[in-house]
Amino acid sequence: MSTVRINWGTRIVLLYLGFVTLIVTLVYRSMNEDFDLVTQDYYGEEIRYQEVIDAGKNQAALSAPVLLQQQGKEVNFSFPPEIQGSTIKGTAQFYSSVNAQWDETFALNINDGVATVSIEGLKAVLYAVKIKWTYNNKLYYQETQMKIQP
């Protein structure tokens, strides 16, 4: 029976080579990792964020939040009573934190406090629905979580 003996110098070299291999592997994998920012113009959006805060305060002053309801392949947006009787334009962005390619923005034509959009191409995941609209020269903003059902 023979045993292989490795001296301490060889052990140090093997340990060092293992460490270098680990570091090179981690650097390679981190360089190939795909990550998405919340928005492409992140810093420009951050500078304009005070407008979003003010628009959120305007929305909070309304009598009720915007209600979202999925019916089949459509989402209905029901706006508060103050807005009913008006024709207003706005946008609804369906933001997916899972994949930036799944994000969609829809134009809202709000007639009598109701708007409907088709969600045919959206994935069945949890979205942050960011609704922006202007009413009486004031900007309004609401963000709501919504799980799209298949």
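This is a predicted model: local features need pLDDT of at least 70, side-chain atom pairs count only at pLDDT 80 or more; totals for chains, interfaces and linings use all residues.
Colleague: Let's start with the rings. How many aromatic pairs does the structure hold?

Modeller: Four. In general, you describe a pair of aromatic rings by the distance of the centres and the angle of the planes. Take Phe94 and Phe106 here: the centres are 5.5 Å apart and the planes are at 85°, an edge-to-face pair.

Colleague: And where in the chain do Phe94 and Phe106 sit?

Modeller: Phe94 belongs to strand E3 (residues 87–95) and Phe106 to strand E4 (residues 104–111). They're 12 residues apart, and the pair links distant parts of the chain.

Colleague: Is Phe106 buried or exposed?

Modeller: The cut-off you need is that buried means under 20% relative accessible area. Phe106 comes out at 17%, so it counts as buried. Phe94 is buried too, at 0%.

Colleague: Why is the pair of Phe94 and Tyr127 called edge-to-face?

Modeller: For that label, the planes must be over 60 degrees apart. The planes of Phe94 and Tyr127 are at 80°, with the ring centres 5.9 Å apart, so this pair is edge-to-face. Phe94 is in E3 while Tyr127 is in strand E6 (residues 126–135), so the contact ties together parts 33 residues apart in sequence. Tyr127 is buried as well, with a relative accessible area of 0%.

Colleague: Which residues do ring pairs link into a cluster?

Modeller: Phe79, Trp133 and Tyr140.

Colleague: What sits over the ring of Tyr95?

Modeller: That's the charged end of Lys130, 4.6 Å from the ring centre.

Colleague: Now the core. Which residues touch the most other members of the largest nonpolar core?

Modeller: Think of a core as buried nonpolar residues joined through their side chains. The largest one here has 25 residues, and Phe77, Phe79, Phe94, Leu108 and Trp133 touch the most other members. At least two core residues come from each of strand E2 (74–78), E3, E4, strand E5 (114–118), E6 and strand E7 (138–147). E6 gives the most, with five.

Colleague: Last one: how many bridges join strand E1 (residues 67–71) to E2?

Modeller: Five, and the two strands run antiparallel. E1 and E2 form a hairpin with two residues between them.

Note on methods: Residues are numbered from 1 along each chain as its sequence is written. Side-chain values use heavy atoms; hydrogens and water are left out. Rings of Phe, Tyr and Trp (its six-membered ring) pair if their centres lie within 6.5 Å; planes under 30 degrees apart count as stacked, over 60 as edge-to-face and the rest as tilted. Helices (H or I, at least four residues) and strands (E, at least two) are DSSP runs, numbered from the N terminus. Buried means under 20% relative accessible area, exposed over 50%, partly exposed in between (1.4 Å probe, protein chains only). A charge sits over a ring if NZ of Lys or CZ of Arg is within 6 Å of the ring centre and within 35 degrees of the ring normal. A nonpolar core is a set of buried Ala, Val, Leu, Ile, Met, Phe, Trp, Tyr and Cys residues joined through side-chain atoms within 4.5 Å. Two strands pair if DSSP finds at least two bridges between them.
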